[in-house]
Amino acid sequence: MKELTVNTSKSYKIQIERGCLGKTGKLAERLFKPGAKAVLVSDSNVLPLYGERVKQSLEAAGFSVHTFAFPAGEESKQLSCIAQIYSECAKHRLTRSDFLVALGGGVTGDMTGFAAATYLRGIPFIQIPTSLLAQIDSSVGGKTAVDLPQGKNLVGAFHQPCLVLIDPDTLETLPQRFLSDGMAEAIKYGCIKSRELFDMIYKEDIRQNMEELIYRCVDIKREIVQRDEFDTGERMLLNFGHTFGHALEKLYGFSKLSHGEAVGIGMVMMAKCGESMGITKPGTTNEIIAALRKFQLPTSDPMPIDQILSATAFDKKNSGGMIGLILLKQIGEGFVDQIYRDRLAELTEVLQ
Ligand SMILES: NC(=O)c1ccc[n+]([C@@H]2O[C@H](COP(=O)([O-])OP(=O)(O)OC[C@H]3O[C@@H](n4cnc5c(N)ncnc54)[C@H](O)[C@@H]3O)[C@@H](O)[C@H]2O)c1
Ligand SMILES: O=C(O)C(=O)C[C@@H](O)[C@H](O)[C@H](O)COP(=O)(O)O
Ligand SMILES: [Zn+2]
């Protein structure tokens, strides 16, 4: 078992332990009054796999639990689904001393977190991430959101969970495509902060060491988020590959590319730009491509660059006429560069 504490505006624990789903009730007892109500939010794939285990654990601890599942997939990450979660909360008369539980991947976590941030102007929620991506990234740090047709995560709030429970055993049922999806974000951490982590991912049989991978990634994210909870500086590093990645997701209607696939392509594009500007160490792009290929992740996309650049208008790192770009000096060393948006075309010429 590994445990970490996140010290942000709210302090909370992250527990990484095989089989810990069955401990949800015991851990929630420390946070909520006996008899509190919970709405357990999940998706159509995950609820049948793990819903009963979590529900029973919470009920055994004296909580009253209602479940709600939405159709699995990024296409559900919309305001209409949030409205359905609100309806569940209202139907069961949740108060501010009650709570939500997000059981599933990043889509479940982001939506449940946003519903928790806004229902009654804020109620607590527990993150129980079941995809690799959610275990290493989305369950920690309090970014919650839904997509709009215009772009990714355009409506959301910062709302930290009160507990993150990570059971690596749930990865046994995760389809290969989504395991790879999570590996893209793991490679991201290596790129921005740790050559050692990057090498571990690239050179070792990482499937044998998932707990260590989860711990290392979450620890990097925790440290960054503690220093910049509200995304005004260092936290933007976690967006490496996301400016073009989010643009691609949006351009394909949030259906063709998964988040990790799009971010992987975005990282390659950024590394190429950095190399062509003479900022990034030569050979970095090829290293990233090789790491992504190890997990059968795509490394390029035929979408025309002018369309990608137009779609970046909705990136949250835009401010006035400037946009924050996340670039690498080398693997393990990311930095944020503010540039004038009208220079984007020139700086990305290498991608034509
Ligand atoms: N808030 C953040 O900081 C943050 C960080 C990274 C990504 N995200 C968001 O996370 C989302 C992507 O997350 P994701 O890749 O987990 O997507 P997802 O939630 O859609 O899960 C991927 C697929 O795996 C299935 N699944 C999840 N766990 C499973 C399990 N244990 N067994 C079987 N199937 C399982 C889901 O049903 C789904 O079909 C995107 O919307 C992205 O924007 C948010
Ligand atoms: O936690 C963060 O900060 C991140 O940027 C993590 C990203 O992996 C994640 O995809 C996040 O949701 C993107 O945030 P956004 O602010 O660009 O919507
Ligand atoms: Zn991401």
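**Figure 1. The sheet β10-β11-β12.** Three strands make up an open sheet, ordered β10-β11-β12 and paired antiparallel. Because β10 (318–319) and β12 (333–340) are the edge strands, each with a single partner strand, one side of each has no neighbour in the sheet. Between β10 and β11 (residues 322–330) the antiparallel pairing runs over 2 bridges. Met322 in β11 is the bridge partner of Ser319. Two strands are taken as paired if DSSP finds at least two bridges between them. Helices (H or I, at least four residues) and strands (E, at least two) are DSSP runs, numbered from the N terminus. In general, the strands of a sheet pair through backbone hydrogen bonds, either parallel or antiparallel.

The model is predicted: local features need pLDDT of at least 70, side-chain atom pairs count only at pLDDT 80 or more, and totals for chains, interfaces and linings use all residues. Residues are numbered from 1 along each chain as its sequence is written, while chains are lettered from A and ligands numbered from 1 in the order in which they are written.

**Figure 2. The whole protein.** The protein has 13 helices and 12 strands. Its radius of gyration is 20 Å, close to the 20 Å given by the globule rule for 352 residues, so the protein is as compact as a globular protein of that length. The radius is taken over C-alpha atoms, and the globule rule is 2.2 Å times the number of residues to the power 0.38. Along the principal axes, the C-alpha atoms fill a box of roughly 60 × 40 × 35 Å. Of the 352 residues, 50% are buried. A residue is buried if 20 or more other C-beta atoms lie within 10 Å of its own, exposed if 12 or fewer, and partly exposed in between, with C-beta atoms placed from the backbone. Among contacts with a separation of 6 or more, 74% join residues 24 or more positions apart. A contact requires C-beta atoms, placed from the backbone, within 7 Å.

Figure 3. The protein divides into domain 1 (2–173) and domain 2 (176–351), with bounds from an automatic or database domain assignment. The centres of the two domains, taken over C-alpha atoms, are 26 Å apart. In domain 1, 28 residues are in contact with 27 residues of domain 2. On the domain 1 side, β1 (2–7), β2 (11–16), α5 and β8 each give two or more residues. The most come from α5, with 5 residues. This side of domain 1 divides into 13 nonpolar, 9 polar and 6 charged residues. Ala, Val, Leu, Ile, Met, Phe, Trp, Tyr, Cys and Pro count as nonpolar, Asp, Glu, Lys and Arg as charged, and the others, Gly among them, as polar.

**Figure 4. The shell around ligand 1.** Ligand 1 is surrounded by 30 residues, and the closest are Asn45, Gly105, Gly106, Ser131 and Ser138. Two or more residues of this shell come from each of α2 (46–60), α4 (106–118), α5 (132–138) and α6 (176–193). A residue is near a molecule if its C-beta atom, placed from the backbone, lies within 6 Å of it. The shell around ligand 1 holds 8 nonpolar, 15 polar and 7 charged residues. Ligand 1 lies between domain 1 and domain 2, because both give residues to its shell.

Figure 5. Asn153 belongs to strand β8. Asn153 counts as buried because it has 20 C-beta neighbours inside 10 Å. Its phi is near 50 degrees, a positive value in a residue other than glycine.

Figure 6. Gln296 sits in the loop between α11 (284–294) and α12 (305–311). Although Gln296 is not a glycine, its phi is positive, at about 55 degrees. Gln296 counts as exposed because it has 12 C-beta neighbours inside 10 Å. Glu223, in helix α8 (residues 210–227), is partly exposed, with 13 other C-beta atoms within 10 Å. Glu223 and Val263 are 40 residues apart along the chain, and their C-alpha atoms are separated by 22 Å.

Key
Contact = placed C-beta atoms within 7 Å.
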